[in-house]
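Please read the following with the sequence and the coordinates open side by side. The text moves from a pair of strands to the helices, and then to the confidence of the model.

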Amino acid sequence: MGAGIRAEVSLPASSPSPFDGVLDGSTPVYSVQRTRRSVEPEGDGGSKETVVIEFTASTDLRLPEHVETVFDYGEKAAYRFEAPCVSESPFATLDRHGVPTADAIVRDGRLLVTFHATDLPTLRRVLGELQESCADMQVVRLLQSSSTPEESDLVTVDRSELTERQREVLATAYEAGYFDHPKGANASEVAATLDIDRSTFTEHVAAAQRKLFAAMLG
Amino acid sequence: MRTRTAFDGGTRNVLCMTRPTHTFVCSECRRSFEVDDGMREALLTSGCALCGAPVVATDLSAGSTAAE
């Protein structure tokens with residue numbers, strides 16, 4: 001088993017993030033993909049690189065003109081825009097170290113990036129450069145691969161097993177404190193928030209729990 | 001103790017991690033973040049992941065306070 005480190009870091013969604021000027025601070029982004037593109041300018045100039053960013057967010061966004069919708073999933077959509085390569089961008093920093101981005105989202109105005117470093121010296125170099133480009137970079141969490149398989153306790157939960165409605169019901173119940181002890185809200189109160197019957201609410205919760213527990217405990 | 005990943009806003013598959021966690025506060029650079037057992041040992045052996053300052057056990061407290 002490798003001795004790699006999973007790092008989760010938080011940076012402002014504003015510059016040097018490529019989302020600067022694209023998103024306001026309140027827009028959550030659920031996933032980010034990117035690719036570099038070589039552009040041949042007119043004339044005899046050499047080629048230059050741009051970066052194409054694609055992200056998934058709510059469908060009802062007001063976005064700048066240069067951001068296009070490439071796929072509509074219903075409640076969410078995939079958006080795409082092209083931007084110049086900025087060497088201070090956290091993604092460019094990871095590129096320079098040959099470290100792929102494992103995950104990236106935007107929440108509460110912060111760009112949250114996950115990556116895997118093969119060892120501590122590599123992690124130090126990447127974190128140091130991220131901090132150099134952005135003084136407001138924060139390390140959220142560092143996890144090291146377990147040295148023995150017995151120490152690992154990871155399961156993969158495929159949330160696409162849940163229907164959109166089940167996710168909405170679970171999220172509403174969670175936010176309302178339905179799963180807290182003592183409860184922040186009872187079933188009737190959460191059902192009223194969702195404008196559904198109490199029995200419908202409990203059916204949704206039970207169905208979602210069955211799927212989640214099957215993945216967690218199976 | 002259950003640790004949620006910080007990045008759970010999407011519709012992708014996510015890894016649910018159930019590992020003991022600690023909150024590390026560097027006595028030198030004052031940076032604070034959450035670590036698991038493996039990373040705790042790495043910090044004690046190799047120093048702060050950011051500034052390299054030596055780490056002692058009292059720099060690590062049980063439990064997680066890192067922002068989700």
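Which residue is the bridge partner of A:V9 in β8(A)? The bridge partner of A:V9 there is A:V139.

Some conventions come before the rest. This is a predicted model, in which local features need pLDDT of at least 70, side-chain atom pairs count only at pLDDT 80 or more, and totals for chains, interfaces and linings use all residues. Residues are numbered from 1 along each chain as its sequence is written, while chains are lettered from A and ligands numbered from 1 in the order in which they are written.

Chain A has five helices and nine strands; helices (H or I, at least four residues) and strands (E, at least two) are DSSP runs, numbered from the N terminus. Along the sequence, the order of elements in chain A is β-β-β-β-β-α-β-β-α-β-β-α-α-α. Of the 218 residues in chain A, 28% are buried. A residue is buried if 20 or more other C-beta atoms lie within 10 Å of its own, exposed if 12 or fewer, and partly exposed in between, with C-beta atoms placed from the backbone. Among the contacts in chain A with a separation of 6 or more, 60% join residues 24 or more positions apart; two residues are in contact if their C-beta atoms, placed from the backbone, lie within 7 Å.

The bridge between A:V9 and A:V139 belongs to an antiparallel pairing of strand β1 (residues 5-12) of chain A with β8(A), over six bridges. Two strands pair if DSSP finds at least two bridges between them. Strand β8 covers residues 138-144 of chain A, and six of its seven residues are buried, so it is largely enclosed by the rest of the structure. β8(A) also pairs with chain B: strand β3 (residues 32-36) of that chain runs parallel to β8(A) over two bridges. In this pairing A:L142 stands opposite B:V35.

In β3 of chain B one also finds B:E34, which is buried, with 23 other C-beta atoms within 10 Å. B:E34 and B:F24 are ten residues apart along the chain, and their C-alpha atoms are separated by 6.0 Å. The loop between β2 (21-25) and β3 of chain B holds B:R30. B:R30 is not a glycine, yet its phi is positive, at about 70°. B:R30 counts as exposed because it has 8 C-beta neighbours inside 10 Å.

Back in chain A, A:V29 lies in strand β2 (residues 29-39). A:V29 is buried, with 24 other C-beta atoms within 10 Å. Apart from neighbours within four places in sequence, A:V29 is in contact with A:L23, A:F55, A:T56, A:A57, A:I105 and A:V106.

The helices come next. Two packed helices are described by the angle between their axes and the distance between the axes. Helix α3 (residues 164-176) of chain A packs against α5(A) at an angle of about 105°, with axes 9 Å apart. Axes are lines fitted to C-alpha atoms, for helices over the stretch in contact, and angles run from 0 to 180 degrees between N-to-C directions. α3(A) is therefore roughly perpendicular to α5(A); angles under 35 degrees count as roughly parallel, over 145 as roughly antiparallel, 65 to 115 as roughly perpendicular and the rest as oblique. The contact is made by A:R165, A:Q166, A:V169, A:L170 and A:A173 of α3(A) and A:F201, A:H204, A:V205, A:A207 and A:A208 of α5(A).

Helix α4 (residues 187-194) of chain A also packs against helix α5 (residues 198-217) of chain A, at about 100° and with axes 8 Å apart. α4(A) is thus roughly perpendicular to α5(A). The loop between α4 and α5 of chain A contains A:D195, which is exposed, with 6 other C-beta atoms within 10 Å.

How confident is the model, and where? The scores are ipTM 0.75 and pTM 0.68. Chain B has a mean pLDDT of 75, where pLDDT is the predictor's confidence in each residue, from 0 to 100. Among the elements of chain B, β3(B) has the highest mean pLDDT (94) and strand β1 (residues 14-17) the lowest (50).
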